[in-house]
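Hi everyone, thanks for making time.

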Amino acid sequence: MRIRFHHDMSSTSPVHYGVEKFKEKLDELSNHKIQVNIYPNNVLGDDIYSTELLQLGVIHAAVIPTSKLANFHPPLKKLDYPFIFKDKLDAYQKLDGEMGNKLIQDLNKKGMIGLGFWEAGFKQITCNNVFQRLTPDNPYPLNGISVRIMSSPILFSQYKAAKALPLVIPFSELYVALEHGIVKCQENPITTIATTKIYEVQNELLLSNHAYLGYVFIVSKSWYDTLSLEDKLQLRKAEQYARNLQRQQVSNLEESYLKEILTNKHIRVVSPDYISTLRKNFLLSTY
């Protein structure tokens, strides 16, 4: 049996590392019966298209950002709210517990089965020549500034409340959009900023930790229903094993990636005094 596996990140990313570990563990548990073919970097199409293919059973498994999967399953929109987790431990406890189970339990009605939550980490904000023209007491530091976001009405409202100009741009086009000034700012976790070299085309980094970016590990329901009980158990064990390693890999890399980013003299860390101001802006839109 061969599994076609989609994800949107590069082969150097923690997501890919996790999928590789899933592949290795499933190969071991199934005694080489189940093989995984990994298609990184949107090779099979972007996340939305690939999720549609997964619903049809053309793709068997994927890890999809919660913001994008919320287009198919609205309860996941809750995870786009800012400042809902205190730290990673809080996120893990909630997403691996009752909260997470409730968020993904009805995915089967959309042709998918959710096995668990992976992560990219807490999001930070990068910009070009935005904060340097301001003082931290400015009530709307992003006023009139174009910001790239994923397709999410909550993210859109969040940045509109900050008086920014949110624009939905495909992740694969983000680097070029920043390079050519189509947008001035973007939000992503440190690991993503580093592996995609976004810091090469941005000169300001705000370590805001304002929201948690997770992924859902999903499988095609039509395909999953054809599996034996033994195959399903092996699949779930391999996912849980890989989930823990993937999260640990993110944590391991964040410190070294931040050092890599900051060795680039082109970018500077913005005063953390802006965080409380943006927190007020963002929370106005959501609560």
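Predicted model: local features only at pLDDT ≥ 70, side-chain atom pairs only at ≥ 80, totals over all residues.

Okay, helices. Start with α1, which covers residues 14-29, and α10, which covers residues 229-263. When we talk about two packed helices, we describe them by the angle between their axes and the distance between those axes. So what are the angle and the distance for α1 and α10? The angle is about 150°, and the axes sit 8 Å apart. The cut-off for calling a pair roughly antiparallel is over 145 degrees, and α1 and α10 are therefore roughly antiparallel to each other. The crossing of α1 past α10 is right-handed.

Who is touching whom here? On the α1 side you'll find Pro14, Tyr17, Phe22 and Leu29, among others, and on the α10 side the list includes Leu235, Tyr241, Leu245 and Leu253. Sorted by class, that contact has 13 nonpolar, 4 polar and 4 charged residues.

While you're in that area, go to Ile34. You'll find Ile34 in the loop between α1 and β2, with β2 being residues 35-39. Is Ile34 buried or exposed? Its relative accessibility is 3%, so Ile34 counts as buried. Its contacts, if we skip residues up to four places away in sequence, are Met1, Ile3, Leu26, Asp27, Asp231 and Gln234.

Now the strands. Find β9, residues 212-220; 9 of its 9 residues are buried, so to speak mostly covered. In a regular strand, side chains alternate between the two faces of the sheet. In β9, Tyr212, Gly214, Val216, Ile218 and Ser220 point one way, Leu213, Tyr215, Phe217 and Val219 point the other way, and all are buried.

What does β9 pair with? One partner is β3, residues 61-65, which runs antiparallel to β9 and is joined to it by 5 bridges. If you want a landmark, Ala61 has Val219 in β9 as its bridge partner. Another partner is β4, again antiparallel, over 9 bridges. There, look for Gly121 opposite Leu213 in β9.

Let's follow β4, residues 112-127, to another strand: β4 also pairs with β7, in the antiparallel sense, over 5 bridges. In that pairing Thr126 stands opposite Gln186. Gln186 also has Arg148 standing opposite, and that belongs to the pairing of β7 with β5, residues 146-149, which is parallel and has 2 bridges.

How many residues of β7 are buried? It's 5 of the 5, residues 185-189, so β7 is largely enclosed by the rest of the structure. Both of its faces are covered, with Cys185, Glu187 and Pro189 on one side and Gln186 and Asn188 on the other.

Next, a few individual residues. Leu79 is in the loop between α3 and α4. At 5% relative accessibility, Leu79 counts as buried. Leaving out neighbours within four places in sequence, Leu79 is in contact with Thr66, Ile84, Phe85, Leu95, Met99, Leu103, Phe117 and Tyr212.

Phe83 has a positive phi of about 55°, although it isn't a glycine. Lys197 is another non-glycine residue with a positive phi, near 60°. Lys197 is in the loop between α8 (190-195) and β8 (204-206). With a relative accessible area of 33%, Lys197 is partly exposed.

Last stop: Thr277, in helix α11, which runs over residues 273-286. Thr277 counts as buried, because its relative accessibility is 12%. Which residues does Thr277 touch, not counting those up to four places away in sequence? Those are Pro136, Asn138, Pro139 and Pro141. As for Lys221, it is 56 residues from Thr277 in sequence and 44 Å from it in space, C-alpha to C-alpha.

That's my tour. Happy to take questions.

Methods
Residues numbered from 1 in each chain as written. Heavy atoms only, no water. Axes fitted to C-alpha atoms, helices over the stretch in contact; angles between N-to-C directions. Helix = DSSP H or I, 4+ residues; strand = E, 2+ residues; numbered from the N terminus. Parallel < 35°, antiparallel > 145°, perpendicular 65-115°, else oblique. Left-handed = near helix turned anticlockwise from the far one by under 90°. Contact = heavy atoms within 4.5 Å. Nonpolar A, V, L, I, M, F, W, Y, C, P; charged D, E, K, R; others polar. Buried < 20%, exposed > 50% of the residue type's maximum accessible area, 1.4 Å probe, protein only. Pairing = 2+ DSSP bridges.
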